[in-house]
Amino acid sequence: MKKKERALIISQTELAAGIFEMRLAAPQISSCAVPGQFVMVGIRDESHILPRPISICEADKALGQIRLVYRIAGEGTREMSTYLPGTSIDLTGPLGKGYPLDAVNEDTTALIVGGGIGIPPLLGLSKALNCTRKIVLGYRDELFLDHDFESCGNIYISTDTGSHGVKGTVMDAISQYQIKPDIIFACGPLVMLKAVKGFAAEKGIPAFISLEERMACGIGACLGCVVKTPERDNHSNVNNTRVCTEGPVFDSREVLL
Amino acid sequence: MIDMSVEIAGVRFKNPVTVASGTFGSGMEYCEFIDLSRLGAVTTKGVAAVPWEGNPVPRVAETPSGMLNAIGLQNPGIDVFMDRDLPFLAGFDTNVIVNVCGHTEEEYLAVVERLYGDTRVSMLEINISCPNVREGGMSFGTDPDMVYRITKRIKEAASQPVIMKLTPNVTDIKLTAKAAEDGGADAISLINTLTGMKIDPEKRAFVLANKTGGLSGPAIRPVAVRMVYEAAGAVNIPVIGMGGISCASDALEFILAGASMVSVGSANFSDPETVTKVIDGIEDYMVRHKVEKIKDLTGYLL
Ligand SMILES: Cc1cc2nc3c(=O)[nH]c(=O)nc-3n(C[C@H](O)[C@H](O)[C@H](O)COP(=O)(O)OP(=O)(O)OC[C@H]3O[C@@H](n4cnc5c(N)ncnc54)[C@H](O)[C@@H]3O)c2cc1C
Ligand SMILES: Cc1cc2nc3c(=O)[nH]c(=O)nc-3n(C[C@H](O)[C@H](O)[C@H](O)COP(=O)(O)O)c2cc1C
Ligand code: FES
């Protein structure tokens, strides 16, 4: 159930240059969030009229808290990074469809692939998946959140600069370590998702990918956030679908990238 | 006793607040947050005779105190709308205003004719900001002769009262307002979005795939209030005002300038509860200022 909730910021930490982690008390949203879902974050400066979509990195139902990890990408996220603990912000969520946790069983080997600021939502997912997990994390240079994944499975790192792990992309790491998954879960930049989609098609395995698109409402009303689809969509009655509602996580075969 | 009701072309609204077309879908997404029965009316997203795919993405961009959109009037077509959206809305105690779009006069008429006699629809709102494909893509709403003509044809075909929704992208709003009235419109609504553009200098590229988009939000409110004032002074039919309304005080600006009803648009995006807050805020204002009937405020400054 989607909720509008005023959430209290509990902590705000810079994890790496320009990458921040915010922990918030949001009992209603945390109680029903599924990994891969997101929230719309209201910017306090009212000249920013659109809320910002940010994935839920992790939800702690027992504590009633959620964790957001975000990169300063522009004015809205820059302002978010200045909010001090004790400040309240408006959230709407949890929004969209998350990753299908029931697509795996104990015998499954899942490949979890994250690129850059696509990594955060994969943490909650990695903890929730009940199967063998091979986790490939791609960074430009500086690492963040990598230690949080340690309890979840084998971790393979790639960096563009070669400062850590394999020098190159996540796809280079996947081939270098000869990972042979039954299913893929991914989030990251479009080029990476295209490569993942191609890889999954070649191996004949399913891939669930999380997409990004510019959003206004975040709840399915404005039709701002669509992605093209090979089939006619049930809701829109044309060949595109709403990332905020039918996504952000899609079976890679159901969207045209 | 506070009376917030208004009447337009014989249709009674429990309060003067509706939502702006295209910002609220058909209400399905918002009914998780608010009770649609509280609204004076739900105004639906523009619907055409056949499904429209809309524009490529990016379709939306934020601008200072506003936003640009180039959705391209994506819609599922009148058949799906009548089978799915109208039955859904019939479950609420509110009026339904159906917003209609088209590329030719015939396309508008096809929708109007399909809705003929449909009692689930209280009023029609005709979006004449659409590009007229027969006239090289020029908007129907910028030429008073074209506004008069299309209004007349729609009035002849429609069973419900007709609201003509005017575009602000004109030199003199009074002329198109008058043309709609002369064509037989029961009411006019304004403003639709102002055409704008945003460029990313770092990428040296347009932000919207469509290059241009419609500007909405608080940034356009002063322009909208002025145009409602001018239009209301030029015609004798009711005016529905919109453009950047995000609280009761904004709504009251429009009412004092001559609007019988107001619509909340882009503000629904920042807070899905905006429209009910606007209704509560107007009621609170009426209590504070001892206004018994909202009708007494309409056009107070006209
Ligand atoms: C479903 C979803 C989940 C996301 N999760 C995260 C996350 O967990 N962490 C994170 O750091 N970022 C995430 N993003 C991207 C994040 O929304 C943008 O970086 C952010 O909106 C930028 O806002 P800004 O004001 O700083 O930038 P500006 O460029 O000033 O923003 C201007 C407008 O463009 C929009 N915008 C800009 N970049 C993006 C983008 N990449 N995607 C969508 N809208 C954008 C903004 O929302 C705003 O409306 C996610 C995006 C989506 C769609
Ligand atoms: C995303 C979006 C979609 C819109 N779609 C329509 C539409 O389908 N038909 C229409 O007549 N107006 C449409 N509009 C215009 C609004 O109804 C309204 O006239 C305008 O946005 C000004 O009001 P606001 O500033 O409160 O948003 C749309 C506006 C937005 C922001
Ligand atoms: S952001 Fe409005 S429909 Fe997806």
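I take a salt bridge to be a side-chain nitrogen of Lys or Arg within 4 Å of a carboxyl oxygen of Asp or Glu. The model is predicted, so I note that local features need pLDDT of at least 70 and side-chain atom pairs pLDDT 80 or more, whereas totals for chains, interfaces and linings use all residues. Residues are numbered from 1 along each chain as its sequence is written, chains are lettered from A in the order in which they are written, and side-chain values use heavy atoms, without hydrogens and water.

Entry 1, interface. I looked up the salt bridges between chain A and chain B and found six by the rule. In one salt bridge, the side chains of A:Lys4 and B:Asp271 meet at 3.4 Å, N to O. I then listed contacts (heavy atoms within 4.5 Å): 33 residues of chain A touch 37 residues of chain B. The two chains bury about 2800 Å² between them, 58% of it on carbon and sulfur atoms; buried area is the accessible area (1.4 Å probe) lost on putting the two parts together, summed over both. In chain A, the most area is lost by A:Lys4, A:Ile49 and A:Leu223, together 22% of what that side buries.

Entry 2, sheet of chain B. I traced an open sheet of eight strands (DSSP E runs of at least two residues), with parallel pairing in the order β3-β18-β17-β12-β11-β8-β7-β4. β3 (17-19) and β4 (41-43) of chain B each have a single partner strand, so one side of each lacks a neighbour in the sheet. Strands pair if DSSP finds at least two bridges between them; β12 (187-190) and β17 (239-242) of chain B have three. B:Ile188 has B:Val239 as its bridge partner in β17(B).

Technical notes. Helix = DSSP H or I, 4+ residues; strand = E, 2+ residues; numbered from the N terminus.
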